[in-house]
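Trainee: Could you walk me through a structure today? I would like to learn how to read one piece by piece.

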Amino acid sequence: MASSGSPERHAGANEVSDRTAQVAARLKQIYKKYVYPVEKKYQYDFFFESPFLSDVEFDAKPQVLLVGQYSVGKTSFIRYLLGRNFPGQRIGPEPTTDRFTVLLNGPEERTIPGNALSVHPDLPFKGLERFGVNFLSRLEGSQLSSSVLRSVTLVDTPGILSGEKQRTNRGYDFTKVVAWFAEKADLIILLFDAHKLDISDELKGAIDVLKGHEDKIRCILNKADQIDRQQLMRVYGALLWSLGKTMSSPEVARVYVGSFWQEPLKSMDNAALFEMEERDLMKDLAVLPRQSAVRKINELVKRIRKVKTLAYIVGHLKSQMPTLMGKEKKQQKLIQDLPNVFRSILKKYNLAAGDFPEIQSFAAKLQEVKFQELAPLNQKYIDDLERVLTDEIPQLMSQLPSERDSPETLCNKMTSPENMPIPKAAGKFGKKDDHYEGNPFGYDETDQERYWALQDSADRLKNSYLQLGPEGGYLSTEKARDVLLRTGLEKDQLRQIWNLSDMDRDGLFDFDEYVVAMFLCDAVVQKGRPIPSELPASVVPPSKRELLSARKQSAFDGE
């Protein structure tokens, strides 16, 4: 198996990344040429309350939206994924998260105000401006350097409350904002507390606006380690019953059971179950980068179907208007008879009922326009949209990576080369994890066998290493020597650093050895520390630990 820094790994990741970028570029062309003109002509943004798409939305990373009542562990779950705190983090038993927080990858740790976030040209959040300044004051970005956030963008939401006072005093329409994020999201995670299964009115309202996105929804029964096996069985059944009453989908929601934070399990009764559930959830997250391309295609297809249906509706309403007299009376009659109008259009053009807008909201929108000013049906537009659905989209799907790839293979292909896999937290489930499966979300510092203290440094140094032009995954002796000489250290110091860094004694630097050498140089130059006689265990790369252990044993046997 090729190592993470090998040419094979680079080639595989780059190939898939290029193909995904090509698909995104073609989607932008299709939208601008065929879809946007129809949307503009028939006022799709007005009737469906969905703004026109921008280029950045096609290029955006996959998004994961977290929704749940207060104190179910949304923020703790994010911290669990990241393996660290993040700017603006608030965790507590009371409603601590009072804002929407978008977690972004970046070189500096900082928070970004909502107004700045919504106008950033490289971020897909411009559409949030329509929710007003009250909402934007409750929106912020949290930027930090994280291997997780290179692959996905996480969106933390305020804890959903049950009281009428708190719900009405938000100052903005919470459910509409959730609906906006849900439309953009690639995965929606609903979190529930094992001790609080009641679904409040506001949570039910939030779940209702997720209609049409059921395929994205995953549920987590969190804090499940705090109850025993018998109680867990009853709680799990009660949650499924509650979800069945709340969610209109005939399919049973996928519920992951576990305790998603970094503390040890309180009860080990279900440790094996929690371990398997966490592995399944991480697989779902691991394939998001590849599924994101499919999701963008799928969302555009759904949008095209809605645009086509809107064109038929608007064209029909326009055609029913009289030429001279009685226009207002006829308009009111058509609005009142809207269910029958929809039914006749559905049958005439053989459309799907799910592509029609919600009748009451659409009727309210129709009250604000004059039917005689609506655009007539243009068959060329319809033919273009049909050609996109029958020809263009299937061609794009054929360009995507094969569906036959396993989640682990997809993970290796779709994450960038420097994104090393992580295992679960060692000891959390009461044992070491002998069977390790790839995960795109960085190293977990609680795993003592695979934890590397220099992982953050490795993430920062990857680009500089590649710019030096390694051949076959190694820097030549000359290139490595030149890098060390540029630090300005004395030759005796550089000799010691070389001996510590060149752990396999081949006279070359692979990436791990390069990171160790840079760490030692920085410790001497910037911090004035002495060069150690041997590397601390946490500084030794996991790939070199067996080698150094065998060398020490050999030296001991020689004595």
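This is a predicted model: local features need pLDDT of at least 70, side-chain atom pairs count only at pLDDT 80 or more; totals for chains, interfaces and linings use all residues.

Trainee: Okay, let's start with β7. How many of its residues are buried?

Mentor: Six of the six residues of strand β7, which spans residues 217–222, are buried, so β7 is largely enclosed by the rest of the structure.

Trainee: And which way do the side chains of β7 point?

Mentor: Ile-217, Cys-219 and Leu-221 point one way, while Arg-218, Ile-220 and Asn-222 point the other way, and all of them are buried. In a regular strand the side chains alternate between the two faces of the sheet.

Trainee: Which strands pair with β7?

Mentor: Strand β6 (residues 187–193) runs parallel to β7 and is joined to it by six bridges, with Ile-188 standing opposite Ile-217. Strand β8 (residues 255–257) also pairs with β7 in the parallel sense, over three bridges, and there Val-255 is the bridge partner of Cys-219.

Trainee: What do β6, α9 and β7 make together?

Mentor: With helix α9 (residues 201–208), the strands β6 and β7 make a right-handed β-α-β unit.

Trainee: Switching to helices, which residues of α13 are buried?

Mentor: In α13, which covers residues 327–336, the buried residues are Gln-331, Leu-334 and Ile-335. They cover an arc of only 100° around the axis, which puts them on the same side of α13.

Trainee: So what does the face turned away from that buried side carry?

Mentor: That face of α13 carries the exposed residues Lys-329, Lys-333 and Gln-336.

Trainee: New topic: how many aromatic pairs are there?

Mentor: The count comes to 22 aromatic pairs. One of them is formed by Tyr-31 and Tyr-36, a tilted pair with 6.3 Å from centre to centre and 50° between the planes. Tyr-31 is buried, with a relative accessible area of 3%, whereas Tyr-36 counts as partly exposed at 29% relative accessibility. Another pair is Phe-100 with Phe-174, whose ring centres are 5.8 Å apart and whose planes meet at 40°, so this pair is tilted.

Trainee: Where do Phe-100 and Phe-174 lie?

Mentor: Phe-100 lies in strand β2 (residues 100–105) and Phe-174 in helix α8 (residues 174–184), so the pair ties together parts that are 74 residues apart in sequence.

Trainee: Which charged residues lie over rings?

Mentor: Among them is Arg-254, which lies over the face of Tyr-256 at 4.1 Å from the ring centre. Lys-462 is another, with its charged end over the ring of Phe-511 and 4.1 Å from that ring's centre.

Trainee: What does UniProt place at residues 489–524?

Mentor: An unreviewed UniProt entry places the feature "domain: EF-hand" there. In this model the span is 69% helix and 0% strand, and its end C-alpha atoms lie 8 Å apart.

Methods
Residues are numbered from 1 along each chain as its sequence is written. Side-chain values use heavy atoms; hydrogens and water are left out. Buried means under 20% relative accessible area, exposed over 50%, partly exposed in between (1.4 Å probe, protein chains only). Helices (H or I, at least four residues) and strands (E, at least two) are DSSP runs, numbered from the N terminus. The arc is that of the directions from the helix axis to the C-beta atoms. Rings of Phe, Tyr and Trp (its six-membered ring) pair if their centres lie within 6.5 Å; planes under 30 degrees apart count as stacked, over 60 as edge-to-face and the rest as tilted. A charge sits over a ring if NZ of Lys or CZ of Arg is within 6 Å of the ring centre and within 35 degrees of the ring normal. UniProt positions are given in the numbering used here, feature names are shortened, and annotations may be inferred rather than shown by experiment. Two strands pair if DSSP finds at least two bridges between them. A crossover is right-handed if, with the strands pointing away from the viewer, the path from the first strand over the helix to the second runs clockwise.
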